[in-house]
Amino acid sequence: MTRPGQPPQGAAFLIAQVGAHAAGRFAERVEALGLTPPEVGLLRMIAGAPGRSQQSVAADMGVVPSRVVAILDALDHKGLVERRPGVSDRRHHALHLTDDGRQVLMEMRQLARAHDEDLCAALEPDERAQLAGLLQRIADQQGLTPGVHPGYRQLSARRRR
């Protein structure tokens, strides 16, 4: 237990502290590519399942579809994604990366590796693996959607206020 005047030392606080720091540093890094973290997340989701609909992306992200549309509009304007008419329902758009989008995603993967290396520089490789495994167990137990940053939901909540 923490005494008054002492900094918090619990695991939950440290996870939040390191997570907020990591998210901020990541945002700075992807800004060099002209992207925001939500745009990077959406590119990854589309690359993982080309042709998926805007509605399915919104559901996985836990945001209202209009939020996805706004991010897609920015990515479309940058020439990184394209919306194609859906095969079974032409009212729905199938999302695909453009060649430029695939190139940016490759650059993003290199940036993410460097980010991980910098963030975990204090740990030995086996400690990194152990930490990742422990955090995955916590994420699974908390019901977090794999590969989806929960910050997307906060973006939606702020817009509704």
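**Reading a pocket and a helix pair**

Student: Which element gives the largest share of the lining of the largest pocket?

Tutor: In this predicted model, the largest share of that lining, ten residues, comes from α1. Two or more residues are also given by each of α2 (37–48), α5 (99–119), α6 (125–141) and α7 (151–160), while α1 itself spans 11–31.

Student: How is such a pocket found, and what is its volume?

Tutor: The general idea is that rolling a probe the size of a water molecule over the atoms shows where empty space is left. Here the largest pocket has a volume of about 2100 Å³, and its lining is made up of 47 residues, with Gly19, Ala22, Leu135, His149 and Pro150 lying nearest its centre. Sorted by class, the lining holds 31 nonpolar, nine polar and seven charged residues.

Student: How should I read the packing of α1 and α5?

Tutor: Two packed helices are described by the angle between their axes and the distance between the axes. For α1 and α5 the angle is about 145 degrees and the axes are 11 Å apart, and the crossing is right-handed. On the α1 side the contact is made by His21, Ala22, Arg25, Phe26, Arg29 and Val30, and on the α5 side by Met108, Leu111, Ala114, His115, Asp118 and Leu119. Seven of the residues in this contact are nonpolar, two are polar and three are charged.

Student: Where is Pro65 placed, and why is it called partly exposed?

Tutor: Pro65 belongs to helix α4, residues 65–77. It is called partly exposed because its relative accessible area is 46%, a value that lies between the cut-offs of 20% and 50%.

Note on methods. Residues are numbered from 1 along each chain as its sequence is written. This is a predicted model: local features need pLDDT of at least 70, side-chain atom pairs count only at pLDDT 80 or more; totals for chains, interfaces and linings use all residues. Side-chain values use heavy atoms; hydrogens and water are left out. On a 1 Å grid over the protein atoms alone, a cavity is a set of points where a 1.4 Å probe fits but cannot get out, and a pocket is an open set with protein on both sides within 12 Å along at least five of seven lines; lining residues have an atom within 4 Å of a point. Grid points are joined across faces, edges and corners, and a volume is the space filled by probe spheres set on the points. Helices (H or I, at least four residues) and strands (E, at least two) are DSSP runs, numbered from the N terminus. Ala, Val, Leu, Ile, Met, Phe, Trp, Tyr, Cys and Pro count as nonpolar, Asp, Glu, Lys and Arg as charged, and the others, Gly among them, as polar. Axes are lines fitted to C-alpha atoms, for helices over the stretch in contact, and angles run from 0 to 180 degrees between N-to-C directions. A crossing is left-handed if the near helix is turned anticlockwise from the far one by less than a right angle, and right-handed if clockwise. Contact means heavy atoms within 4.5 Å. Buried means under 20% relative accessible area, exposed over 50%, partly exposed in between (1.4 Å probe, protein chains only).
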